[in-house]
Amino acid sequence: MLTALALAFSQTAAAAPIPPIDEAREQVIANDAALFYAAFEGCDTSKLEPLLTEDFRMLHDLGGIAAPDRASFIGMLSEQCDAREPGGKSEGYKNRRLVVPGSRTVTPLGKWGVLERGMHTFQELRQRPAGYYGEDDPGGPSWVQVGGARYIHVWQWMPEEGKFRLQESISIDHGAAPPYPPEGS
């Protein structure tokens, strides 16, 4: 009897059903934040593999297939992170990605996964000259918005793991940062 219960429990745990959309949305938002923090600000590529399917690929409007698989994506980001280290060609470079508030939608894809769509902006940490904000401003580092784009992410539900992994990233409509404040305001 105990063996039958243990077997039933292990089969249930091994094939977790896709969560309701509100819970799925929360998981995807958390995964998205972890992914982009690891890839940009954190520069910790060891955290990327658990977030991506083995057959992950990235499509980019400026370069076509930016990464044909998970290994090449992680390798590309590792090279970029290594270049930021002391002595690297991009020593000290820092950037980040922010989701535009209110732009994200998460839509079910049956029992297979979810589709995440939204807009994001990109920022770089730059040295602000003294006096930029007035004569008492000593200057210092400031985040500067340098561009933005739309994204579409396909998150696959992994029933054996009970979590979502990113299967495909499509990044489109890249452009320069709009002027701020907007003209005419």
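Student: What makes Arg 25 and Asp 22 a salt bridge?

Tutor: Their side chains meet at 3.0 Å, N to O. A salt bridge needs a side-chain nitrogen of Lys or Arg within 4 Å of a carboxyl oxygen of Asp or Glu, so this pair qualifies. By this rule the count comes to eleven salt bridges.

Student: Before we go on, what should I know about the model itself?

Tutor: It is a predicted model, where local features need pLDDT of at least 70 and side-chain atom pairs count only at pLDDT 80 or more, while totals for chains, interfaces and linings use all residues. Residues are numbered from 1 along each chain as its sequence is written, and side-chain values use heavy atoms, with hydrogens and water left out.

Student: How far apart along helix α2 are Arg 25 and Asp 22?

Tutor: They're three residues apart, so about one helical turn separates them. Helices here are DSSP runs of H or I with at least four residues, strands are runs of E with at least two, and both are numbered from the N terminus.

Student: Why is Arg 25 called partly exposed?

Tutor: Its relative accessibility is 29%. Buried means under 20% relative accessible area, exposed means over 50%, and partly exposed is in between (1.4 Å probe, protein chains only). So 29% puts Arg 25 in the partly exposed class.

Student: Is Glu 168 buried or exposed?

Tutor: Glu 168 has a relative accessible area of 14%, so it is buried. Arg 57 comes in at 32%, so that residue is partly exposed.

Student: What makes Glu 116 and Arg 104 a salt bridge?

Tutor: Here the N to O distance is 2.7 Å, and that meets the rule as well. Glu 116 sits in strand β5, and Arg 104 in the loop between β3 (95-99) and β4 (105-109), twelve residues apart. Glu 116 has 0% relative accessibility, so it counts as buried. Arg 104 has 24%, so it counts as partly exposed. Both belong to a network of salt bridges that also links Asp 32 and Arg 97.

Student: What does Arg 97 do around Phe 36?

Tutor: Arg 97 lies over the face of Phe 36, at 3.6 Å from the ring centre. A charge sits over a ring if NZ of Lys or CZ of Arg is within 6 Å of the ring centre and within 35 degrees of the ring normal. The charged end of Arg 97 also sits over the ring of Tyr 151, 4.9 Å from its centre.

Student: How many aromatic pairs are there?

Tutor: The count comes to five. Rings of Phe, Tyr and Trp (its six-membered ring) pair if their centres lie within 6.5 Å; planes under 30 degrees apart count as stacked, over 60 as edge-to-face and the rest as tilted.

Student: Why is the pair of Phe 40 and Phe 122 called stacked?

Tutor: Their centres are 6.2 Å apart and their planes are at 20 degrees, so the pair is stacked. Phe 40 is in the loop between α2 (21-39) and β1 (52-60), while Phe 122 is in strand β5 (residues 113-128), 82 residues apart. Together with Phe 36, they form one aromatic cluster.
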